[in-house]
Amino acid sequence: MQKYYYIYTYGCQMNVHESEKIAGMLEDRGYIRTDEVEKADIIVFNTCCIRESAEQKIMGNIGAVKPIKKVKKDLIVAVCGCMSQQADMASILRKKFPFIDIVFGANNVEFFGEYLDEFLKQKKFCNKVIQDKNYMESATKMHFVRDNSLYAYVNIMYGCNNFCTYCIVPYVRGREISRAPKTIYREVKNLIDMGYKVITLLGQNVNSYGRDGSTGGVTFPKLLDNIANLQGDFELRFMTSHPKDLSDELIEVMAKNPKISKTLHLPVQAGSNKILKAMNRSYDRESYLNLIRKIKEAMPDITLSTDIIVGFPGETEEDYLLTEQLVKEVQYHNAFIFMYSRRRGTIADKLENQVPISIKRERIHRLLAIEHEISTKLFEKMIGSTQRVLIDGENNLFYLAKAQCGKVVKIAKSTVTKLNIGKFIDCEITDYKNGNLIGRTK
Ligand code: SAH
Ligand code: SF4
Ligand code: F3S
């Protein structure tokens, strides 16, 4: 009898990519993907714990499996990822949801196939959360079932050494480990040969690639340059860059390589030096703005995006207003704005001057409105410009494409004869409507 799998993925691109590995291990064992959770023989929850809201949502979704498991006794339920990597979480989860069969953490995703085989043999609860990252280079030769045939993620490093005081990631993802350049080149080459068009290099802080001494002196700008020089018709992106160590060399490499998308995600988190210091971000407002100035000088067409936290402990109205001013000054095409969320075990969780939720809510609404206005104006400014876009889909009325910054561009079918999905084209932007750019071919 055919067996089906369903994966819930929460959190960042790391998790999205790790779910592609999990899908590979399941398909190697004969399972087929289904879009109907009720049809699944195995359900995997690949979890995130970056904010409390993420955890609450996941708990709710795991709870919703209980009635399915009641009627389908053989259903296997596995929980993995960052949330399960936290201390004691395996037992907390199991107590709350006794129907969970397998728990493992973000450190050992690559071994899920073995855990599943073990569970199928022994049919008893399998707790496989381990503290050390058990990363093996061979893991990157694994079979990925990628979500998309044009866009691909490639891990260049794992973990984070920064310990921003609000953040749980260094605790659940461990210390930085960089992959060997050779294996990265090989993987990217394969993807290009297979027809992938946009390659995104992934790491919590790509700028510190190689600092662990494991890459034979290859730094991030060097790695990026080498990949951009590979043969083929593709675009190269990367995330995330920590502003504290984004070098002039990186700006140079980006500016001179046409294959590197002119877009940069550069999380600022806050605009007040007092708050940046308390967050342990290791840069100040002035040096961040200086960096932005250098980037814009080198690449006038760059689109910038950022992450911001409002309501960090001790954030006063004055501190918040400094964030507002910074947002207005930088002019981000996109900003992900979050209310500070207390995370167990982090330094900021122990601070006494926590900001009330009502103030956090008020600040996030104000800032979202300001950013909405800025980004609308920036995208409207693109009208009349020519953008290189990738055609990546279609519906009855439109060909759908993505600009380098990831924004959807719609091209009316009535204005063109035929466009091929998977091709880059130059497109003139004619309008900006409902959050999408409208374009026509040149
Ligand atoms: N490594 C990336 C970010 C990963 S987490 C970087 O450093 O840029 C993505 C974003 O979640 C962060 O940039 C931050 O804005 C937000 N975030 C992290 N911890 C948070 C917390 N405790 N509360 C609210 N937002 C948080
Ligand atoms: Fe978290 Fe800071 Fe590391 Fe980003 S750099 S993952 S925000 S600790
Ligand atoms: Fe979440 Fe883990 Fe990513 S905590 S944001 S899934 S690294």
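These legends accompany several views of one predicted protein model.

**Figure 1. The whole protein chain.**
The chain holds 14 helices and 19 strands. Its C-alpha atoms fill a box of roughly 60 × 60 × 45 Å along the principal axes. For 442 residues, a compact globule would have a radius of gyration near 22 Å; this chain has 23 Å, so the two agree. Of the 442 residues, 55% count as buried. The chain exposes about 19900 Å². Carbon and sulfur atoms supply 51% of that area. Now take contacts between residues at least 6 apart in sequence: 73% of them join residues at least 24 apart.

The domain assignment places domain 1 at 3–128 and domain 2 at 148–261. Domain 3 covers 262–377, and domain 4 covers 386–441. Look at domain 2 and domain 4: their centres, taken over C-alpha atoms, are 27 Å apart. The two domains also touch. Nine residues of domain 2 are in contact with 10 residues of domain 4.

**Figure 2. The surroundings of ligand 2.**
The shell of ligand 2 includes Cys160, Cys164 and Cys167. Phe163, Tyr166, Val169 and Pro170 also belong to this shell. So do Asn162, Gln204, His242 and Arg281. By class, these residues divide into seven nonpolar, three polar and one charged.

**Figure 3. Glu18, a buried residue in helix 1.**
Glu18 sits in helix 1, which covers residues 13–28. Is Glu18 buried or exposed? It is buried, because its relative accessible area is 1% and the limit for buried is under 20%. Leaving aside neighbours within four places in sequence, Glu18 is in contact with Asn46, Val109, Tyr158 and Arg173.

**Figure 4. Lys70, an exposed residue in helix 3.**
Helix 3 runs over residues 66–71 and contains Lys70. Lys70 has a relative accessible area of 57%, so it counts as exposed. Where does Thr34 lie relative to Lys70? The two are 36 residues apart in sequence and 20 Å apart in space, C-alpha to C-alpha.

**Figure 5. Backbone angles to notice.**
Most residues other than glycine have a negative phi, and most peptide bonds are trans. A cis peptide bond joins Met239 and Thr240, with omega about 5°. Thr240 lies in the loop between strand 11 (235–239) and helix 10 (248–256). Lys123 is not a glycine, yet its phi is positive, about 55°. Lys123 is found in the loop between helix 6 (112–122) and strand 6 (126–128). It is exposed, with a relative accessible area of 57%. Ser282 also has a positive phi, near 65°. Its loop links helix 11 (273–278) and helix 12 (285–298). Ser282 is exposed too, at 53% relative accessible area.

Strand 13 covers residues 303–310 and includes Ser305. Not counting residues up to four places away in sequence, Ser305 touches Leu264, His265, Leu266, Tyr332 and Asn334. Ile425 is 120 residues from Ser305 in sequence and 24 Å from it in space, C-alpha to C-alpha.

**Figure 6. Glu249, a partly exposed residue in helix 10.**
Glu249 lies in helix 10. Its relative accessible area is 42%, so it is partly exposed: the value falls between the 20% and 50% limits. Which residues does Glu249 touch, not counting those up to four places away in sequence? They are Thr219 and Pro221. Glu176 is 73 residues from Glu249 in sequence. In space, 22 Å separate Glu249 and Glu176, C-alpha to C-alpha.

Technical notes
Residues are numbered from 1 along each chain as its sequence is written. Chains are lettered from A and ligands numbered from 1 in the order in which they are written. This is a predicted model: local features need pLDDT of at least 70, side-chain atom pairs count only at pLDDT 80 or more; totals for chains, interfaces and linings use all residues. Side-chain values use heavy atoms; hydrogens and water are left out. A residue is near a molecule or strand if one of its heavy atoms lies within 4 Å of it. Ala, Val, Leu, Ile, Met, Phe, Trp, Tyr, Cys and Pro count as nonpolar, Asp, Glu, Lys and Arg as charged, and the others, Gly among them, as polar. Helices (H or I, at least four residues) and strands (E, at least two) are DSSP runs, numbered from the N terminus. The radius of gyration is taken over C-alpha atoms; the globule rule is 2.2 Å times the number of residues to the power 0.38. Buried means under 20% relative accessible area, exposed over 50%, partly exposed in between (1.4 Å probe, protein chains only). Contact means heavy atoms within 4.5 Å. Accessible areas come from the Shrake-Rupley method with a 1.4 Å probe; for residues, only the protein chains shown count as cover. Domain bounds come from an automatic or database domain assignment.
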